[in-house]
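Welcome! Please take a moment to look over the sequence and the 3D structure below, and then we can walk through them together.

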Amino acid sequence: MIDPQDLQIALSSCNASAAQGGLQAAARPEGAADAAARPQTAAGAEKRPLPDLRLVIMTNREPFSLSSARGSLRLKRNSGGVVSALLPVVETGGGRWLAWHTGTPEERQELTRRVPYLELVDVSADEVRSYYEGFANGALWPLFHYALDRCRFSNDDWDTYVRVNERFADQLGDAGDALVWVHDYQLCLVPRLLRERNVPLHRLAYFHHVPFPPPDVFRVLPWHRQILEGLLGADQIGFHTESYVINFLRACELLPDAQVDFQARVVHYAGRSARVGAFPIGVDAPAIEKLAQRPSMTGEAQAIRTALRVDKLLLSVDRLDYTKGIAERFEAIDRFFTVHPQLKGVVSLLQIAVPSRTAVTEYRRLKKEVDELVGRVNGKHAEPGWQPIHCTYRSFSLPRLVAHYRAADVALVTPVRDGMNLVAKEFCASRVDDDGVLILSEFAGAAESLGRGTLTINPLDVRQFVAAIERALMMKRGERRERMAWLRRTVAANDISGWVNRVVAHATQAW
Ligand code: ADQ
């Protein structure tokens, strides 16, 4: 039983009285004892200067959008580390960026006038429904996240997916001496299509931002061979983790004529060879640290805590997606307060969820489910002036997110499946005070590199989940600092610019 008073002491002082053995042992992660050891910079921390090259980026989403303000159109750079990291390389190297466009012809004209290197691929509203909402997000997204029961396969959607991928490939034209870098599961067919069209280019890379499941799961997709053949048109195929690399190599054995060299990480197929590698993505750690160190930040963080009227703040930040484990997390909170009624009024969870893919039925249903669950847990445990879960469905600016990361005592990053999960890394980069505890799902790609500094859990094991929250809340300040300092160093050593450099250097290397 945790005494609320012990909790206060444990969280606010170096001389904290720790919880007794049972609790501490329950969720102790492997390797925790040497969490202070040197950071693992598995992918190599050193920053190489970018090779002198032209980069052509192909993404589903456009890096800029237009918003109207006071009668005029304003150019807005879309958020996200990948966009911020790649734009300077494209701009300075005389590169190009191809992405879909669903706006009006006037918007298209205005966008390409203001951003000359942006080339927009027209996708109609019907095609968005079929290619993006239907095939990419209704079939491939659940498949790649091992959620077979959520997959919706449709021949018509597949046909539209092929058509839109062809349009991307047709629009590229001559890429000359450029490295062409295709991103993510919406464009899996593009590499092969570019080869079929004999598009002149220097090298062709593809990066997969989501997990890659084992072959038994992947082969359920009726078009799995075409997806593999599509990807194998690339010279380099990148994933976030070693386990996705292995899953992909094993999946390639489903192609009767493919030769898979597990040692060299190379797949020979249809007269070409593709190198496969793990390149764990990072966040813009220097920018986040700078924001976190702003003098106003301590006050902003305190204001967040005061507004929530809570002593100990648990925080989760996610796109509203069934892969993020939001419902499972609320179940754990329900159980936590059932086991620890004495902590009512002391601890709360703030869930920040940004709505996404709202045109997809599955996602609209999820919002309703989450609302109902919050209502049920709060209805069961709330007391006057306090509630266990605060849930807000809003998008925050990066400075505001960083203020929340600074405000939290414990971050719960507990997806049921996630390619990497950038929130885990953003939280660590924000903790310039070397404090705070990260509870991380073993099913997030981030667990492969950050696991040693976190409390790693299976989010479906509610007892283990609750034990991890207990342990996080009772952890001594010394241990928190050791872990967080290690996590911060690890995140800083593998930041977003290092990721770009490593992928580009590997893709352009002679072999
Ligand atoms: P996502 O599934 O979108 O990315 P994640 O990596 O967590 O997941 O990135 C989410 C981003 O959105 C973070 O940068 C976060 O700060 C931001 N965000 C979340 N909630 C927000 C809010 N309320 N307001 C503002 N911003 C918010 C996919 C894969 C991941 C992989 C990335 C990058 O699913 O596994 O890590 O691509 O490769």
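How many helices and strands are there in the protein chain? The chain holds 20 helices and 17 strands. Please keep in mind that this is a predicted model.

**The chain as a whole**
- Of the 511 residues in the protein chain, 58% are buried.
- The accessible surface of the chain comes to about 20,400 Å², and carbon and sulfur atoms account for 48% of that surface.
- Among contacts with a separation of 6 or more, 76% are between residues 24 or more positions apart.

**Two packed helices**
- Two packed helices are described by the angle between their axes and the distance between the axes.
- Helix α5 covers residues 125-144 and helix α6 covers residues 155-172; their axes lie 8 Å apart, at an angle of about 110 degrees.
- Angles of 65 to 115 degrees count as roughly perpendicular, so α5 and α6 are roughly perpendicular to each other.
- On the α5 side, the residues in contact are E127, S130, Y131, G134, F135 and L140; their partners in α6 include W158, Y161, R163 and F168.
- The residues of this contact divide into 7 nonpolar, 4 polar and 5 charged.

- The pLDDT of the chain averages 89, and 90% of the residues score at least 70.
- Over residues 9-48, however, the pLDDT is below 50; this stretch has 80 contacts in the model beyond near neighbours in sequence.
- Where pLDDT is low, the predicted coordinates should not be read in detail.

Definitions and conventions: Residues are numbered from 1 along each chain as its sequence is written. This is a predicted model: local features need pLDDT of at least 70, side-chain atom pairs count only at pLDDT 80 or more; totals for chains, interfaces and linings use all residues. Side-chain values use heavy atoms; hydrogens and water are left out. Helices (H or I, at least four residues) and strands (E, at least two) are DSSP runs, numbered from the N terminus. Buried means under 20% relative accessible area, exposed over 50%, partly exposed in between (1.4 Å probe, protein chains only). Contact means heavy atoms within 4.5 Å. Accessible areas come from the Shrake-Rupley method with a 1.4 Å probe; for residues, only the protein chains shown count as cover. Axes are lines fitted to C-alpha atoms, for helices over the stretch in contact, and angles run from 0 to 180 degrees between N-to-C directions. Angles under 35 degrees count as roughly parallel, over 145 as roughly antiparallel, 65 to 115 as roughly perpendicular and the rest as oblique. Ala, Val, Leu, Ile, Met, Phe, Trp, Tyr, Cys and Pro count as nonpolar, Asp, Glu, Lys and Arg as charged, and the others, Gly among them, as polar. pLDDT is the predictor's confidence in each residue, from 0 to 100.
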